[in-house]
Amino acid sequence: MSTKPAQGHAEIIGAGISGLTVATALGQRGWSVRLHERDSEIRAIGAGIYVWGNGLRALKALGLHDEAVVGAHIGPVLESRDHRNRVVESIPINSAGRPEVRTIMRDRLISTLVKGAEAAGVEIVTGSEVTVSGSDGALVNVDGESVGGGADVVIAADGVRSRVRDRFGLTVCHDHMKQGATRLTVPRSDDFVPAADRDKYIEYFSGRRRVLYTPSSATALYVALVADESDTAASKVPVDTDTWVRSFPHLETLLRSLDGVPARWDTFEFLKLRSWSHGRVALIGDAAHAQPPYLGQGGGCAMMNALGLADALSAPGAGPVEGRLAAWEAAERPLIEHTQQWSYRLRLLNLIPDAPRSSLLGLTGRWKGLGASRMRAALAVPTGADRFDGAAA
Ligand SMILES: Cc1cc2nc3c(=O)[nH]c(=O)nc-3n(C[C@H](O)[C@H](O)[C@H](O)COP(=O)(O)OP(=O)(O)OC[C@H]3O[C@@H](n4cnc5c(N)ncnc54)[C@H](O)[C@@H]3O)c2cc1C
């Protein structure tokens, strides 16, 4: 008697936000799923993450929203401040008719997704570094030995340095950008900013540097220090607090608290592929559509797209996997690329000198039609949004 599962078998490479989301969604739709993670355990870096409306809706559809947002921070406004600490743009959020966002610690998001995957019957294999050997999706380990076999679909969620993508030569544009960020988390303190600002999300600009102030729970403050990669003092880890205090004297107490705190620098990347699939192998998340974090949408897009992929693969009577993957890409790609383009454009704000940038942000802040365009670009309702309305199995 055949033991083939009702929907088919999926092998997934990489247990980050994308791999865990698509694994859970497929498991909930009746697939047998094996998820390979090369690290010995599944972990997140010690930073916060903005989860916007699209990501929150994806979590709801998986039945994981309430657990993911336990302890999350819900800020009232997203502010931009100029080099003199003047508010130049202010976008109200999280109130009726406004964009919705939660900031949470990454380990909370990842551990919730792991629980969701386990509950959906996903087999998670850690310490398993794999890649594909051909378009039929045959999986091999680092020694070139076959790992299992017979998958109906293979999904590469192996991050921005995806070996699967490179194996198939799918890249048409890969910009290793000249900007990046150091991320850290410190305990929240009443001394960092005035009481009226404490709960806000604030992006401070000075020269070609930015500081992003993000409360991510009642006790945790996530800080991102954005700079040019060539700015060696600012991109140094551990953080050179003196150089940051020189740019942001009004944040001295906060910046001094970063001394000796574990930190991680990442250079931003932008990626565009010729196709998101090759034969029965699909690519998703940063492996397929990495974007700089100026909209805080890389993870949200990954979750939204993972749900779309699981639906396209599970649609009744939709024919061979190759055709389903093509239909998925046609439906999802326009919105994902729209979001990528906007986040890529926003890098230009770092290049504008302080005075004209203040005027520009002041203008966009006052001009209703443009004011929130930075976020609206990423918050349009995705194609096939009705999938968000389905309750998790
Ligand atoms: C500074 C910064 C701030 C950001 N802020 C936000 C934000 O606020 N909101 C937001 O939505 N997004 C944000 N992002 C983007 C977001 O973090 C990424 O888009 C998201 O984490 C990508 O997830 P992923 O699963 O595609 O890739 P990854 O998180 O890179 O996961 C890939 C996984 O695959 C594993 N792997 C790799 N190769 C193999 C292999 N051969 N075999 C097995 N396993 C393998 C890796 O170990 C890893 O676990 C930010 C990014 C940066 C750099």
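What follows looks at one helix pair and then at some salt bridges.

A word on the ground rules: this is a predicted model, where local features need pLDDT of at least 70, side-chain atom pairs count only at pLDDT 80 or more, and totals for chains, interfaces and linings use all residues. Residues are numbered from 1 along each chain as its sequence is written, and side-chain values use heavy atoms, with hydrogens and water left out.

**The helix pair**

Two packed helices are described by the angle between their axes and the distance between the axes. Here, helix α1 (residues 17-28) packs against helix α4 (residues 106-119) at about 30°, and their axes are 8 Å apart. That makes the two roughly parallel (the label covers angles under 35 degrees). Axes are lines fitted to C-alpha atoms over the stretch in contact, and angles run from 0 to 180 degrees between N-to-C directions. Helices are DSSP runs of H or I with at least four residues, and strands are E runs of at least two, numbered from the N terminus.

As for handedness, α1 and α4 cross in a left-handed way, meaning the near helix is turned anticlockwise from the far one by less than a right angle. On the α1 side, the contact (heavy atoms within 4.5 Å) uses Ile-17, Leu-20, Thr-21 and Thr-24. Among the α4 partners are Leu-109, Ile-110 and Leu-113. Sorted by type, the contact residues of α1 with α4 are seven nonpolar, three polar and one charged.

**The salt bridges**

Searching the whole structure turns up 26 salt bridges, each being a side-chain nitrogen of Lys or Arg within 4 Å of a carboxyl oxygen of Asp or Glu. Here are three of them:

| Pair | Closest N to O distance |
|---|---|
| Glu-100 and Arg-102 | 3.2 Å |
| Arg-357 and Asp-354 | 2.6 Å |

Asp-197 sits in the loop between β11 (171-187) and β12 (201-206) while Arg-81 is in strand β4 (residues 77-81), so their bridge ties together parts that are 116 residues apart in sequence. Asp-197 is buried, at 9% relative accessible area (buried means under 20%, exposed over 50%, partly exposed in between, with a 1.4 Å probe and protein chains only). Arg-81 is buried too, at 5%. Both belong to a salt-bridge network that links Glu-79, Arg-81, Asp-197 and Lys-200.

In the second pair, Glu-100 is partly exposed at 31%, whereas Arg-102 is buried at 15%. Arg-357 and Asp-354 are three residues apart in helix α11 (residues 354-366), so about one helical turn separates them. Arg-357 is buried, with 1% relative accessibility.

Methods. Parallel < 35°, antiparallel > 145°, perpendicular 65-115°, else oblique. Nonpolar A, V, L, I, M, F, W, Y, C, P; charged D, E, K, R; others polar.
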